Amino acid sequence: MKYLDVGGIGRVSRIGLGTWQFGSREWGYGDNYASGTARDIVQRARALGVTLFDTAEIYGTGKSERILGEALGDERTEVAVASKVFPIAPFPPVIKQRERASARRLQLKRIPLYQVHQPNPVVPDSVIMPGMRSLLDNGDIGAAGVSNYSLARWQKADAALGQPVIAADIELKADSRDALAEAARAFRPVSTGRFLIDTVREKLRRR
């Protein structure tokens, strides 16, 4: 495994584990998935050197965060957990309340990477990012990120935060030339110490 040292987060594996499926009924998993298969997947990822684990409050309406926090056990404070706020009424007091709720589900006092799940088409980042900055200043999160943002909107988020938005979570499909070109355009101008999260919709299986 290879790693990056990321400001505010620490040592981050270049390959992470996404946990969208944890607790989400649309994936068709049974009741025993949380206590069995999900825990096995997380343990296998840790054995392979994975330190980045991605979740969100909307995944399974909070169940993914709970399952991930429990599956990581005592190691939850030793890895880089990334979660996301879904930007409905994303005003600073609401963002703070939602981040604290995610932290409780994850059993963390501090979320290493907290991201805005997608751009709000009505509320600008000049309104959203002060809430993220407050979380940073209070030590509730280690770093701020965005998800599903265009390069232009990512840059606006940077300006509104008043410091680098450290990560951008994008969906990248290797067979899509357009997606690859967009990723290249997005990554080229960012400074050292920032990174893209390539969202791959696959399960980690034991071999």
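Analyst: The following account considers the charged residues in turn.

The model is predicted. It holds ten salt bridges. One of them joins Arg46 to Glu75, whose closest N and O atoms are 2.7 Å apart. Arg46 belongs to helix 1 (residues 37-47) and Glu75 to the loop between helix 2 and strand 5, so this pair ties together parts that are 29 residues apart in sequence. Arg46 is partly exposed, with a relative accessible area of 22%, and Glu75 is partly exposed as well, at 32%.

The loop between helix 2 (63-72) and strand 5 (80-85) also contains Arg76. Arg76 is buried yet has no salt bridge. The nearest side chain of opposite charge is that of Asp74, 4.9 Å away; a salt bridge requires the nitrogen and oxygen to lie within 4 Å. Leaving aside residues up to four places away in sequence, Arg76 touches Gly69, Glu70, Val81, Leu106, Gln107 and Leu108.

Asp169 forms a salt bridge with Lys84, with 3.8 Å between the closest N and O atoms. This pair links strand 8 (residues 167-171), which holds Asp169, to strand 5, which holds Lys84, across 85 residues. Both partners are buried.

Arg153 and Asp125 form a further salt bridge, their closest N and O atoms being 2.5 Å apart. Since Arg153 lies in helix 5 (residues 151-161) and Asp125 in helix 4 (residues 125-138), the pair ties together parts 28 residues apart in sequence. Arg153 is buried at a relative accessible area of 18%, and Asp125 is buried at 4%.

Finally, salt bridges link Lys96, Glu99, Arg100 and Asp140 in a network.

Methods. Residues numbered from 1 in each chain as written. Predicted model: local features only at pLDDT ≥ 70, side-chain atom pairs only at ≥ 80, totals over all residues. Heavy atoms only, no water. Helix = DSSP H or I, 4+ residues; strand = E, 2+ residues; numbered from the N terminus. Buried < 20%, exposed > 50% of the residue type's maximum accessible area, 1.4 Å probe, protein only. Lys, Arg positive; Asp, Glu negative; His and termini not counted. Contact = heavy atoms within 4.5 Å.
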